[in-house]
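Visitor: I would like to walk through the strands of this model. Could you show it first?

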Amino acid sequence: MNYIRGMKSAPWWKEAVIYQIYPRSFYDSNGDGEGDLPGITSHLEYVQKLGVDAIWLSPFYTSPNKDGGYDVANPRDVDPRFGNLADAKALIVRAHELGLRVIVDIVPNHFSDQHEWFQAALKSSRGSDERNCFHFYDAKPDGRPPNNWISLFGGPSWTQVEDGQFYLHLFDSSQPDLNWENPEVNADFETTLRFWLDLGIDGFRIDVAHGLVKENIHADHPDPAGLSLALRLDVEMDTQIRHALLETVPYFDRQGVHEIYRKWRKLFDSYGDRDVMAVAEAWVHPPVNATRYVRADELHQIFNFDLLTAPFESAFLFDVINRSIELNATVNALPTWALSNHDSPRVASRIGDAESRALALFVFALPGSAYVFAGQELGLPDGPLQDSDREDPSFIRSQGAIKGRDGARVPLPWSGDTTPFGFSSGKPWLPIDQSWQSMSVGNQNIDAKSVLNLYRSALSLRALHLTGEGEITWLQSPLHGAKPDGLLTFKRGEITVVMNLSQQPHEVDIAGQVILLSAGVLDGRNGKKLIPACSTVWIHD
Ligand code: NOJ
């Protein structure tokens, strides 16, 4: 297929910049307060001009929307809130016309309880084929659930049905886990993969890719409460204790998942020169386990989530970046980098404005793929919300103890000076704070120093100078005696990248022309360069 501009000899996804769109929050074309597929299609030129290679769409399938669409009731149809299948097709066609690939989510760990399979299971008796698509078990003799696992959204991971059996749900009770030992489950997912590939998409983001296979369901975990805290990104915990707990998760990262992805890889490869790719959402420990998902006969990429929680601190960043590059290299894969997504606090809120600009330029220069969460290019922080606005099941299930992920999902401000800034002609599903006025696309377009224009420059310079799998060579790092809060500098091809993590300007003696600077003004004396505090600079040889 050569409808994609700029075909390179390496597969398109190897060093792609992938823009994640949360459909509900992108652009509302019909005034119902929620973003939709035609809204995305009408703004794809904006995405193309940003300079990305592909879009990844979070779920837009039929869903009661108990977990932002990750509770899928029909994976082969579009929820009417987002449009219909013709709208999906139109989106894919328009994206391809603009040279953008399209990745969609697939959610194989669970269905919604509204899926016809689960409804049939509820109406069937214990031991039936219908129940065997999920994990239904009898209660323990004392009436308790089959084990003591805690849901990732809080509360027990078992819910009892009328006849006394329990079903397993690692997430919300409206998200029953599928039983992957039943071959019908894989057959149905292969039908879904083909359905979207035949509609023209280019790849999949696999939700909870490490969770499909369960073992020893009847064994209790020795410390379910500790494990549940270790799994939460918003809970601080001693790193050693956390890692020890994370290695004991009984329901993640079982060997059987790899058999599934080997089968799927054959299916992807059967699409030949389409270069279909898949990226795993898999939080696994120890980190070396991540490499198993990207062996040559499995998936193409695995998310590296280290930077979603990383402090703006050079020793930490140096370690996680090196580790990711080195581990991936053992299986001939390239890393992925993400600073924000729909499940975590936005990077600007987490580490600050100047820091997040600096870090973005730093990771855009690294080898591998970079994922950008829509709104990150505007420097958006988490939206300020009242508890009454929140919809996240983790907020609801924890009775408010966990604030949840809604802050990162507030819709995008597009234009004008009054909320909701052109996102919708109606009332947005989450309020957009008036303080976002200066961050709207319209206002950033006309500000040469805006985050938006910085991202545009960075991505066009990346495409020009920084792809091609070139290795990086560290010039300044904790290993080279730079102070922990000092400088991180590497060279890749003809570009030297310097990140100054400190609150003071730092002088460097690097020849060449500055082609990009994340913030501030570059001062030069005696041929040296004074790098502003909290900034990253790209220097061309
Ligand atoms: C990961 C998704 O990114 C998240 O939004 C969702 O809640 C869980 N998986 C469950 O599907």
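Visitor: Which residue of β10 stands opposite I206?
Guide: This is a predicted model. In it, β9 pairs with strand β10 (residues 277-280) over four bridges, in the parallel sense. The residue of β10 opposite I206 is A280.

Visitor: On the other pairing, which residue stands opposite G203 in β9?
Guide: Strand β5 (residues 101-106) also pairs with β9. The sense is parallel, over four bridges. Opposite G203 stands I103.

Visitor: Are the residues on the two sides of β9 buried or exposed?
Guide: In a regular strand, side chains alternate between the two faces of the sheet. Strand β9 covers residues 203-206, with G203 and R205 on one side and F204 and I206 on the other. Buried means under 20% relative accessible area. Both faces of β9 are covered, and these four residues are all buried.

Visitor: Which strands stand at the edges of the sheet?
Guide: The open sheet has eight strands, in the order β11-β10-β9-β5-β2-β1-β13-β12, with parallel pairing. Two of them have a single partner strand each, so one side of each is left without a neighbour in the sheet. Those edge strands are β11 (301-302) and β12 (336-338).

Visitor: What angle does the direction of helix α3 make with that of β5?
Guide: Helix α3 (residues 85-97) packs on the sheet. The helix touches β2 and β5. Its direction and that of β5 make an angle of about 140°.

Key: Residues numbered from 1 in each chain as written. Predicted model: local features only at pLDDT ≥ 70, side-chain atom pairs only at ≥ 80, totals over all residues. Heavy atoms only, no water. Buried < 20%, exposed > 50% of the residue type's maximum accessible area, 1.4 Å probe, protein only. Pairing = 2+ DSSP bridges. Contact = heavy atoms within 4.5 Å. Axes fitted to C-alpha atoms, helices over the stretch in contact; angles between N-to-C directions.
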